[in-house]
Amino acid sequence: MRVGKGTPSANVDTAYELYRQGDLEQARKIVNEILQKTPNHLQASALRDRMDNDEFKQFNMQTREIQEVGEINPVAPWGWLTIAVTCVVVATAFAIPTLREMYQAAGHALVQDPDAAPIARPAISPQVRLIFPIVLYIIAAVSYLSYQRLRRLMEE
């Protein structure tokens, strides 16, 4: 029996050739089309399973390489912890005066002397000035999580 160009067997041969050349995406696309039309196509199923198996083996090999090469410098976690603590200290140093000003402004808003001079407003609102400490607190949190992760990896 002669296989025509548009039959599934010809497409499997094309998919296998693409797979052999390293074009996994196109080969998988052709195999999936064949399996949609003919779910019980043995050659297409076998090629799909082979591609899946090869991808799984490659993933395992890459994971092993990362684990072998991925030695952690024992100072690295402490560097992340230092960054976290520094960010918290700096953020707090910036946030306290702004929060104090906001608290005092709230007290003045409740009790105002009609004869008192108007309170000068800063050029930048306190809410906007709190963005910098908030960002520093977020950086501190991420740094602390990095510290914990590295410590766990070192213990394994």
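Trp78 is partly exposed, with a relative accessible area of 41%; here buried means under 20%, exposed over 50%, and partly exposed in between, using a 1.4 Å probe and protein chains only. This is a predicted model, in which local features need pLDDT of at least 70 and side-chain atom pairs count only at pLDDT 80 or more, while totals for chains, interfaces and linings use all residues. Residues are numbered from 1 along each chain as its sequence is written, and side-chain values use heavy atoms, leaving out hydrogens and water.

**Aromatic pairs**

Let's stay with Trp78 for a moment. Its partner is Tyr147, and the two rings form a tilted aromatic pair, 5.5 Å centre to centre with 55° between the planes. By definition, rings of Phe, Tyr and Trp (its six-membered ring) pair if their centres lie within 6.5 Å; planes under 30 degrees apart count as stacked, over 60 as edge-to-face and the rest as tilted. Because Trp78 sits in helix α4 (residues 76–110) and Tyr147 in helix α6, this pair ties together parts that are 69 residues apart in sequence. Helices are DSSP runs of H or I with at least four residues, numbered from the N terminus. Tyr147 is buried, at a relative accessible area of 13%. Trp78 and Tyr147 also belong to one aromatic cluster together with Tyr144.

The whole structure holds four aromatic pairs. In one of them, the rings of Tyr16 and Tyr19 have centres 6.4 Å apart and planes at 45°, so this pair is tilted. Tyr16 and Tyr19 are three residues apart in helix α1 (residues 8–21), which means that about one helical turn separates them. Tyr16 counts as partly exposed at 35% relative accessibility, whereas Tyr19 counts as buried at 12%.

**Two of the helices**

Helix α6 covers residues 131–155, and its 25 residues reach 36 Å from first C-alpha to last, close to the 36 Å expected at 1.5 Å a residue. That expected span is 1.5 Å times one less than the number of residues. Besides Tyr147, the buried residues in α6 include Pro133, Leu136, Ala140, Ser143 and Leu150.

Helix α2 (residues 24–37) has 14 residues and reaches 20 Å, close to the 20 Å expected. Which residues of α2 are buried? They are Ala27, Arg28, Ile30, Val31, Ile34 and Leu35. These residues cover an arc of only 160° around the axis, so they lie on the same side of α2; the arc is that of the directions from the helix axis to the C-beta atoms. The face of α2 turned away from the buried side carries the exposed residues Glu25, Gln36 and Lys37.

**Salt bridges**

Side chains of opposite charge can pair when their charged atoms come close. A salt bridge is a side-chain nitrogen of Lys or Arg within 4 Å of a carboxyl oxygen of Asp or Glu. There are four salt bridges in the whole structure, among them these:

| Salt bridge | N to O distance |
|---|---|
| Arg28 and Asp52 | 2.9 Å |
| Asp49 and Arg48 | 3.6 Å |
| Glu101 and Arg129 | 2.8 Å |

Because Arg28 lies in helix α2 and Asp52 in helix α3 (residues 42–69), their bridge ties together parts 24 residues apart in sequence. Asp52 is partly exposed, with a relative accessible area of 34%.

Glu101 in helix α4 and Arg129 in helix α5 (residues 126–129) link distant parts of the chain, 28 residues apart. Glu101 is partly exposed at 27%, and Arg129 is partly exposed at 28%.
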